[in-house]
Amino acid sequence: MRQFPAFFNLQDQRVVIVGNGEEALRKLRLFVSAGALPVIISDHAGPAHDHEASSRVTAMTMADLPHALETARLAIVAEHNPEAIAVIRAARVPLNVVDRPELCDFTVPSILDRGDIVAAIGSNGTAPVLAKSIRTKLEALLPARIGDLAALAGRLRETVKAALPDFAARRKFWERTLTGRAAELAYAGDLTGAEAAMRAELAAPAEQGVVHIVGAGPGDPELLTLKALRLIQEADIVYYDRLVSDGILSLIRRDAERVSVGKAKGNHSVPQDQIHELLIQSAREGKRVVRLKGGDPFIFGRGGEELDAVEAAGISAFVVPGISSALGCAASAGIPLTHRDHAQAVTFVTGHAKAGGVPDLDWASLAKRGQTVSVYMGVGTAASIAEKLIEAGRAPQTPVAVIENGTRENEVRAYGMLEELPQLIEAHGIKGPALLIIGEVAGLRAGSIAASVSTEVSIPTEKVVSA
């Protein structure tokens with residue numbers, strides 16, 4: 001570390017900026033946002049003079065520079081001006097010279113501003129573009145309202161200090177509330193509810209934690225939502241499904257407990273009722289619990305049952321959506337589930353009934369043209385699904401796509417027609433997890449649509465391996 005990072009309080013403090021071009025204007029805006037009183041030193045008019053916050057800005061000439069430096073906290077030279085540099089050095093005011101790190105007493109970092117939460121990324125002036133790139137990544141990870149949460153904590157700081165004079169107890173309180181229900185309410189924009197939750201926790205500390213039911217998406221870690229990533233990195237314990245990929249599991253906080261509660265067809269290693277009890281028990285132990293589910297928890301993911309069970313036990317629960325398997329697999333294969341020319345509707349259905357076998361669906365409705373039918377968990381019942389759709393009036397030559405392990409490195413795509421769906425699955429050894437896409441749009445990726453498909457057409461299978 002060649003430079004020591006520090007935060008200056010510049011509220012109503014004078015900052016001198018030498019120059020009046022675009023670079024000076026950028027620095028001027030930055031200091032105005034920090035509450036400073038900038039002084040522009042220039043003998044020429046320019047963009048900085050026309051700054052929208054001109055009421056806080058004073059314009060002076062080079063002849064006035066020594067006087068301006070008498071009360072200045074910092075100085076920026078935003079243009080080539082050796083004379084100004086010499087005068088500032090003589091006045092012993094901390095100096096920054098734009099694009100000349102060797103002449104700088106300090107550098108201006110790339111700043112992430114979330115109100116009371118501010119992060120600064122510096123590169124010793126050697127690679128400011130890289131620092132900005134890192135800031136952009138951090139901005140994506142931090143909740144937009146984290147500054148509101150910090151401000152709320154600041155308002156309650158003295159109240160908490162008075163109620164909890166012991167430092168260890170106070171620290172434990174903040175650790176609970178700033179990662180628990182109060183924090184989630186603040187992130188959702190309910191600051192009144194967040195404050196009430198903090199005060200309730202202070203009056204009678206809750207021993208139980210909170211449960212987050214989180215969608216992990218179809219498998220590609222880069223399709224995980226930012227909120228899901230934050231939660232699995234904050235969790236004390238994660239209960240995860242069989243469909244959650246290893247790449248996503250690797251992102252879980254290293255010291256968090258991981259428990260597999262995955263289910264496969266005909267093999268429920270942990271019954272659903274027992275999963276409910278595990279979530280409730282862990283929360284009652286005061287843990288931050290994440291229930292991590294493949295795809296979206298509310299689309300054939302039984303997330304609704306888990307939410308009901310947790311809330312019925314009096315435990316706070318939050319749901320984080322994920323990219324569903326239908327959306328992820330279709331996008332990965334380049335198949336539009338709706339298309340102005342071929343599909344004006346899309347229907348998501350399950351291929352597996354609660355008691356096993358084929359579900360009792362409205363086959364006549366699903367057989368209508370001009371729509372896409374996306375079937376989850378349909379590999380085992382593919383023959384019956386195809387038969388019922390054809391019996392209900394869907395053309396046997398309707399294009400289909402079968403996508404196994406969508407968005408993952410071992411993704412397999414197979415294309416064919418509805419009448420050959422079970423043979424297509426068998427021929428390519430598809431076991432699942434897989435999605436069936438039935439409709440004219442399935443033929444677009446294979447280079448055909450229903451009107452041009454015939455039994456003589458050979459539609460390819462793709463095996464996709466990511467780089």
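Predicted model: local features only at pLDDT ≥ 70, side-chain atom pairs only at ≥ 80, totals over all residues.
1. A salt bridge here is a side-chain nitrogen of Lys or Arg within 4 Å of a carboxyl oxygen of Asp or Glu. Asp-105 and Arg-89 form such a pair, their closest N and O atoms being 3.0 Å apart. The pair joins distant parts of the chain, 16 residues apart: Asp-105 sits in the loop between strand S5 (95-97) and strand S6 (110-114), and Arg-89 belongs to helix H3 (residues 82-91). Asp-105 has a relative accessible area of 45% and is therefore partly exposed.

2. By the same rule the count of salt bridges comes to 25. One of them is between Glu-23 and Arg-26, with 2.7 Å between the closest N and O atoms. Both residues are in helix H1 (residues 22-33); because they are three residues apart there, about one helical turn separates them. Arg-26 has a relative accessible area of 48%, so this residue is partly exposed.

3. Glu-440 forms a salt bridge with Arg-394, with the closest N and O atoms 3.6 Å apart. This pair also links distant parts of the chain, 46 residues apart: Glu-440 is in the loop between strand S19 (434-438) and helix H17 (441-445), while Arg-394 is in the loop between helix H15 (382-391) and strand S17 (399-404). Are Glu-440 and Arg-394 buried or exposed? Both residues are buried.

4. Lys-293 is part of strand S13 (residues 288-293). Its relative accessibility is 2%, so Lys-293 counts as buried, the limit for that class being under 20%. The side chain of Lys-293 reaches the backbone oxygen of Gly-301 at 2.7 Å. Residues up to four places away in sequence aside, Lys-293 touches a set of residues that includes Ile-213, Val-214, Gly-215, Ala-216 and Gly-217. Asp-241, Val-244, Arg-302, Gly-303 and Glu-306 are also among the residues touched by Lys-293, as is Gly-301.

5. On cysteines, the count of disulfides comes to zero. A disulfide is a covalent bond between the sulfur atoms of two cysteines. Cys-104 has a relative accessibility of 15% and so counts as buried. Cys-329 is buried as well, with a relative accessible area of 5%.

6. Two packed helices are described by the angle between their axes and the distance between the axes. For helix H6 (residues 167-177) and helix H8 (residues 191-203), the axes come within 11 Å and cross at roughly 145°. The crossing of H6 and H8 is right-handed. Which residues meet between H6 and H8? From H6 they are Phe-173, Trp-174, Arg-176 and Thr-177; from H8 they are Met-198, Glu-201 and Leu-202.

7. Ala-386 lies in helix H15. At 4% relative accessibility, this residue counts as buried. Neighbours within four places in sequence aside, Ala-386 is in contact with Leu-418 and Leu-421. Ala-386 and Glu-195 are 191 residues apart in sequence, and their C-alpha atoms are 55 Å apart in space.

Key: Residues numbered from 1 in each chain as written. Heavy atoms only, no water. Helix = DSSP H or I, 4+ residues; strand = E, 2+ residues; numbered from the N terminus. Buried < 20%, exposed > 50% of the residue type's maximum accessible area, 1.4 Å probe, protein only. Polar contact = N/O pair within 3.5 Å; in protein donor to acceptor, adjacent residues only side chain to side chain. Contact = heavy atoms within 4.5 Å. Disulfide = S-S within 2.5 Å. Axes fitted to C-alpha atoms, helices over the stretch in contact; angles between N-to-C directions. Left-handed = near helix turned anticlockwise from the far one by under 90°.
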